[in-house]
Structure formats: C-alpha cells, structure tokens
Amino acid sequence: IPMTQIIDSQGYSFLSQFLVDLPDNCYLQKGLTGCGNTTLALLNDKNYVVVVPFISLITNKCTVHKNVCPVYSDIFDSEIQDYLDNSDIKVKKFMVTYDSLSRLLKFIDPGEYKILIDEAHKLLDSASFRTNAVETVLENYSKFKSYMFATATPVRDEYQLPVLRDIPK
C-alpha cells in the first residue's frame, strides 16, 4: 500500500496548526505522541466519535473539554440521551471505550458522525482478550461518515489485523 507522508517543514507542534480536520478514511501512523489528533477531533466543527481503549483517556480529555459526552460503563443511558437532546450543543462529540461503542450506536446514526479510533495499535494488543470490543470497532467503523485510525506506535503490515492492512496510511 502506498503511504502518503505529511512532512512538517514549518516547525509546527500540533496538527491543528495546519489542519482544520483529520484526514478521511485512513490509518495515521503519526510517529509522534501528543500532536493533537484527539484534540483536533474534539474542537473542530464536525460531529465526532472518538474511540479509545481506556476510561482514563476519556476522563483526562473530559476534564479539559466540557463539550464531550463520555460513554463507558459508569455513564447512564439517560446522560447520553440528555446530551443528544441538548439543543445548545450544536456539534456533538463523544468519547467511548472500545467496549462501549456498541452501546453508543443504539443512540446515534453513525452516518452523521466521523469516527477516530485512537491508539489503534491497541486493537491488535486487545484482540485476544477483548474480542467482542475489538470486533465491534472493526465491524462498525465503515458505517460512519468517515473514519481514521491513529497511533504513534505503528504496527508492521504483516502483524496488522487483516481488516486494517489495506487502509491507506
């Protein structure tokens, strides 16, 4: 698969300094942690679902970004519905764990959202012991308006999950 490179010749530190949104339908091997792909998804003017492997990543971002609805085991369905019903929030942002994506899909039309699967290398790490959660992500990402898998820990193609091997990088 050919790989497209984004080369920073301007000395930027964050993606938001030269992008207004994340690229569509690709696997971003960012090579650099903390470059702001999650923040870009949470601050732009597009509806987003950000999928992460751990609750701690959600709680960390939600302390900074108050516009985000967290979805994991401790969140009530009524909180999700109240967020969706809040007409003051024009652009909807969700952060969910791999395990909670199926739950969120009961509330939203994925065709109205972009999806960012962050820490995508963890799908491979988790496939043997969080099989249902990983399968839910892999069976549903293409139902969204667009998708992006992102990681700073690239997985070599020969070790990658087969369904992800042919996604443009």
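1. Start with Arg103 and Asp77: in this predicted model they form a salt bridge, with the closest N and O atoms 2.9 Å apart. The pair links distant parts of the chain, since Arg103 belongs to helix H4 (residues 101-104) and Asp77 to helix H3 (residues 77-85), 26 residues apart. Burial is worth a look here too. Arg103 has 18% relative accessibility, and the cut-off for buried is under 20%, so Arg103 counts as buried. Asp77, at 41%, is partly exposed.

2. Salt bridges that share partners also put Asp21, Asp24 and Lys114 into one network. Within it, Asp24 pairs with Lys114, and their closest N and O atoms are 2.7 Å apart. Asp24 sits in the segment before E1 while Lys114 is in strand E5 (residues 114-117), so this pair ties together parts that are 90 residues apart in sequence. Lys114 is buried, with a relative accessible area of 7%, whereas Asp24 is partly exposed at 46%.

3. For the tally, the structure holds 5 salt bridges. One of them joins Asp45 to Lys46, with 3.6 Å between the closest N and O atoms. Asp45 is exposed, at 59% relative accessible area, and Lys46 is partly exposed, at 35%.

4. Now the sheet. Its 6 strands form an open sheet in the order E1-E6-E5-E2-E4-E3, and the pairing is parallel. Strands E1 (26-29) and E3 (68-71) are at the edges with a single partner strand each, so one side of each has no neighbour in the sheet. From one strand to the next, the twist averages 20°.

5. Zooming in on E2 and E4: strand E4 covers residues 93-97, runs parallel to E2 and is joined to E2 by 5 bridges. Val50 has Met95 in E4 as its bridge partner. Helix H2 (residues 55-64) packs on the sheet, where H2 touches E2, E3 and E4, and the direction of H2 makes about 155° with that of E4.

6. Last, the core. The largest nonpolar core has 49 residues, and the members touching the most others are Val49, Val51, Phe94, Ile117, Leu123 and Phe149. Strand E2 (residues 48-52) gives the most to this core, 5 residues. Which residues is Leu123 in contact with, leaving aside neighbours within four places in sequence? The list is Tyr98, Ile117, Val134, Val137, Leu138, Phe149, Leu161 and Leu164.

Note on methods: Residues numbered from 1 in each chain as written. Predicted model: local features only at pLDDT ≥ 70, side-chain atom pairs only at ≥ 80, totals over all residues. Heavy atoms only, no water. Core = buried A, V, L, I, M, F, W, Y, C linked by side-chain atoms within 4.5 Å. Buried < 20%, exposed > 50% of the residue type's maximum accessible area, 1.4 Å probe, protein only. Helix = DSSP H or I, 4+ residues; strand = E, 2+ residues; numbered from the N terminus. Contact = heavy atoms within 4.5 Å. Pairing = 2+ DSSP bridges. Axes fitted to C-alpha atoms, helices over the stretch in contact; angles between N-to-C directions. Salt bridge = Lys/Arg side-chain N within 4 Å of Asp/Glu carboxyl O.
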